[in-house]
Amino acid sequence: LHTGMHEVLGHASGKVSDNLTGDPADHLPGYYSTLEEARADLVALWNVFDPKLKQLKMVETDDVGKAMYDAYVRNVFLQLRRIPTGDQLEEDHMKNRQMVVNYIMKNSHAIEVVKKGRKTYFHITDYDKMHDMVGQLLSEVMRIKAVGDLEAGKHLVDTYGLKIDTTWRDEVIRRVKRLN
């Protein structure tokens, strides 16, 4: 469901400001693709709770949205296994996911980091607040892309999506390695 909404609704969403000349990609060099993937993910994450999906019988309960949020947050942690060295992400999908989850974690209490023994987990404590934060971030990403605001786009991606926590990465790699 997330992938379908990402591809069909997310990549088809948004409108360029009448004041912007040219393609938004030209105004957001080095950041456009990450922001585009973020917009597509955020559109899916935002709309999964839309009552219309229940009316269309695409989802039965809000548990579907909660499961989507859980999987999304978990994936941000698990994707660290693909970065065996360094502390910076290069791939746009990975940066976008990291940006979304780090933004929510740093600007709300909707997601908490839980340590159990030597293991780290991400736990969503408030799905409604996470939904609100998804909406806030979606609004800002839409604005950035619509007007070609390079400084704001750079700030979002560089602050929340570029660098990884190497301690978490090392833990993920150890945990995955033990699973063989």
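**Core, pocket and selected residues of a predicted model**

N47 sits in helix α3; helices (H or I, at least four residues) and strands (E, at least two) are DSSP runs, numbered from the N terminus. The structure is a predicted model, in which local features need pLDDT of at least 70, side-chain atom pairs count only at pLDDT 80 or more, and totals for chains, interfaces and linings use all residues. Residues are numbered from 1 along each chain as its sequence is written, and side-chain values use heavy atoms, with hydrogens and water left out.

N47 touches M5 and L53, not counting residues up to four places away in sequence; contact means heavy atoms within 4.5 Å. N47 and G135 are 88 residues apart along the chain. Their C-alpha atoms are separated by 9.5 Å.

Helix α3 itself has 16 residues, and its end C-alpha atoms are 22 Å apart. The expected span is 1.5 Å times one less than the number of residues. For α3 this should give 22 Å, which agrees. The helix is mostly covered, with 12 of its 16 residues buried. Buried means under 20% relative accessible area, exposed over 50%, and partly exposed in between (1.4 Å probe, protein chains only).

The largest nonpolar core has 47 residues. Such a core is a set of buried Ala, Val, Leu, Ile, Met, Phe, Trp, Tyr and Cys residues joined through side-chain atoms within 4.5 Å. I104, I111 and M130 have the most contacts inside the largest core. Two or more residues of this core come from each of α3 (32-47), α5 (63-78), α6 (92-107), β2 (119-124), α7 (127-147), α8 (150-161) and α9 (166-179). I104 touches A110, I111, M130, M133 and V134, not counting residues up to four places away in sequence.

Two buried polar residues were examined next. Q79 lies in the loop between α5 and α6. Q79 counts as buried because its relative accessible area is 2%. Its side chain makes a polar contact of 2.9 Å with the side chain of R97. A polar contact is a pair of N or O atoms within 3.5 Å; within protein, one must be able to donate a hydrogen and the other to accept it, and residues adjacent in sequence count only if both atoms are side-chain atoms. A polar contact of 3.3 Å also joins the side chains of Q79 and Q98. Leaving aside neighbours within four places in sequence, Q79 is in contact with L89, M94, R97 and Q98.

R169 lies in helix α9. At a relative accessible area of 6%, R169 is buried. A polar atom of the R169 side chain lies 2.6 Å from the backbone oxygen of G86. R169 touches L80, I83, P84, T85, G86 and I164, with residues up to four places away in sequence not counted.

D70 belongs to helix α5. D70 counts as partly exposed because its relative accessibility is 28%. The C-alpha atoms of D70 and Y103 are separated by 16 Å. These two residues are 33 residues apart along the chain.

The largest pocket has a volume of about 400 Å³. Of its 17 lining residues, R74, F77, T120, Y121 and R175 are the closest to its centre. On a 1 Å grid over the protein atoms alone, a pocket is an open set of points where a 1.4 Å probe fits, with protein on both sides within 12 Å along at least five of seven lines; lining residues have an atom within 4 Å of a point. Grid points are joined across faces, edges and corners, and a volume is the space filled by probe spheres set on the points. α5, β2 and α9 each supply at least two lining residues. The largest share, 6 residues, comes from β2.

Two residues other than glycine have a positive phi. K57, in the loop between α4 (51-55) and α5, has phi near 65°. K57 is exposed, with a relative accessible area of 73%. N180, in the segment after α9, has phi of about 55°. N180 is exposed, at 88% relative accessible area.
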